[in-house]
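Let's take a friendly walk through the packing inside this chain. Have the coordinates open as you read, and follow along residue by residue.

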Amino acid sequence: MSDPTTTPSLGARWRAVTGPLLVARVFGQAAEFGGWVVLARRLGATSFGRVAVAFLVCRYAGLLADWGASLRGVIDVAADRGGGSIRALVRRRTSVTVALVAAYVAGAVVSGNARLAPMAVVIACLGLSRDWLSLGQERGLRSAIPLAVQGASILAAALVLPVTHHPALPVAIGYGAAALLSIALNRLPDGPRGRVVGLDAWMLLAIMGTQVMSTLDTILLAALRSSHEAGIYAAIYRLPNGWVALLIIVMYGLLPVVTRSLRDDPASIGDLRRSLLRWSLPASLVLLALAPVAYVLVPHVFGSSYADGRVAVVLLIVATAIQTAAVPLHSLYLARGTDRGYAGFITVAAVANVVANLALIPRFGMEGAAVATIVANGLLAAALWRAVARFVRHPTPTGGAEAGRYARSLVYRDLEAGTR
């Protein structure tokens, strides 16, 4: 157990990770957004539409290639689970990445879209990057530097390259630079190979389920109602999405800190829950108070043709407030629970979201889609609350898969300590 007189507080450690992470990622995302704006203006709507679709295809393929490392890898590193698990995860990601890159390039060439083949670099970047190694070591700035370089490179390339003939090149350059820098900054750890912990697809399933919860409603609106409503909904969703992006950064910053704290002192989970909820609950209330502001802003920000989305944006902010309150529960469960359990919670919430959308969208349109989002986020928050409450009552696992995982983490910690 760590010495409280020498170990920085949880808040200090979290701020040290999340502060630089937030600054670098916000810069990178803003620069990348600027690059996409430049591409849209230089290419025109039709060509830009093809580039955007190709990017989305590669983005989803890249999530598959990542194999859940953006969460799973952070936990393994923070818990000192040994070089065996980390190297096995890298090997699995590399093999899946190669297969998906080859499939995409072949598909682009066969379909007559060879100019979009360089977009495959997006798949390679997401599948090969190692930012999760830095984040697991609580190095927030190092983990975010590649994303900052990625955004700046895309913006610069979009401004100077002949994008009319090479429309995918700026994105490929940006993501390629980020991948190379990420690998250079994050050498794989030495240490005992040992038994591999948790090398499965459960975390991948959880990430894909999260994507379904956040994007499928727009697609269903287009299919079940109209492209007009889908366009309004996609636009107004950008208001809560900015907040959600910050939540993701906060959760990623919390994950290594919470994981290492519970590794050293499992009984501290109750105190951690209380401390973290002290900021997440007020933050959710602040967001709810801003809902009327969003209602007024919609037609002024997006134009009068988007006024029909005002009620839906308020409902989406309610759903986002639920997400905000539950952010610490995600980190606490991931640090202590199982990949299978977390994926199960996400999958149930995603299925509920789809079912609710299918039932509500045909009759209520955008408002129905937003209510479905509230339902899914409420179910997920309730499930995580119950699971974390169980951990608070039983801070040290006593049986089953959870106990085995906990015991193996202690073994790996001791083995790692012996090699240093």
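A residue counts as buried when its relative accessible area is under 20%. With that cut-off, Y333 is buried because its relative accessibility is 4%. F391 is buried too, since its value is 2%. Please keep in mind that this is a predicted model.

**The chain as a whole**

The fold has 16 helices and zero strands. Of the 420 residues in the chain, 49% are buried. Among contacts with a separation of 6 or more, 83% join residues 24 or more positions apart.

**An aromatic cluster**

How many aromatic pairs does a search of the whole structure find? The search finds four.

| Aromatic pair | Centre to centre | Between the planes | Arrangement |
|---|---|---|---|
| Y333 and Y342 | 6.3 Å | 25° | stacked |
| Y333 and F391 | 5.5 Å | 25° | stacked |

Y333 belongs to helix α14 (residues 310–336) and F391 to helix α15, so their pairing ties together parts that lie 58 residues apart in sequence. Y342, like Y333, is buried. Ring pairs join Y333, Y342, F345 and F391 into a cluster.

In soluble globular proteins, nonpolar side chains tend to be buried together. Here the largest nonpolar core has 55 residues, and the members that touch the most others are L71, W132, V258, L332 and Y342. Which helix gives this core its largest share? Helix α15 (residues 339–393) does, with 12 residues. Another core, of 28 residues, lies apart from the largest one and includes I154, V163, A178 and A179.

Leaving out residues up to four places away in sequence, W132 touches A69, G73, V74, V77, I86, L89, V90 and R93.

**Where α3 meets α11**

Helix α3 (residues 69–78) and helix α11 (residues 238–264) have axes that come within 9 Å and cross at roughly 35°. Their crossing is right-handed. On the α3 side, the contact is made by S70, L71, V74, I75, V77 and A78, while α11 supplies M251, Y252, L255, P256, T259, R260 and R263. Sorted by class, this contact has nine nonpolar, two polar and two charged residues.

S331 sits in helix α14. Is S331 buried or exposed? It counts as buried, because its relative accessibility is 0%. Setting aside neighbours within four places in sequence, S331 is in contact with M251, L254, L255 and V258. M251 and L255 also take part in the contact of α11 with α3, and V258 is one of the core members that touch the most others.

G28 is found in helix α1 (residues 10–43). Its relative accessible area is 0%, so G28 is buried. How far apart are the C-alpha atoms of G28 and A148? They are separated by 3.7 Å, although the two residues are 120 residues apart along the chain. Beyond residues up to four places away in sequence, G28 touches L147, A148 and G151.

Note on methods
Residues numbered from 1 in each chain as written. Predicted model: local features only at pLDDT ≥ 70, side-chain atom pairs only at ≥ 80, totals over all residues. Heavy atoms only, no water. Axes fitted to C-alpha atoms, helices over the stretch in contact; angles between N-to-C directions. Helix = DSSP H or I, 4+ residues; strand = E, 2+ residues; numbered from the N terminus. Left-handed = near helix turned anticlockwise from the far one by under 90°. Contact = heavy atoms within 4.5 Å. Nonpolar A, V, L, I, M, F, W, Y, C, P; charged D, E, K, R; others polar. Core = buried A, V, L, I, M, F, W, Y, C linked by side-chain atoms within 4.5 Å. Buried < 20%, exposed > 50% of the residue type's maximum accessible area, 1.4 Å probe, protein only. Phe/Tyr/Trp six-rings, centres within 6.5 Å; stacked < 30°, edge-to-face > 60°.
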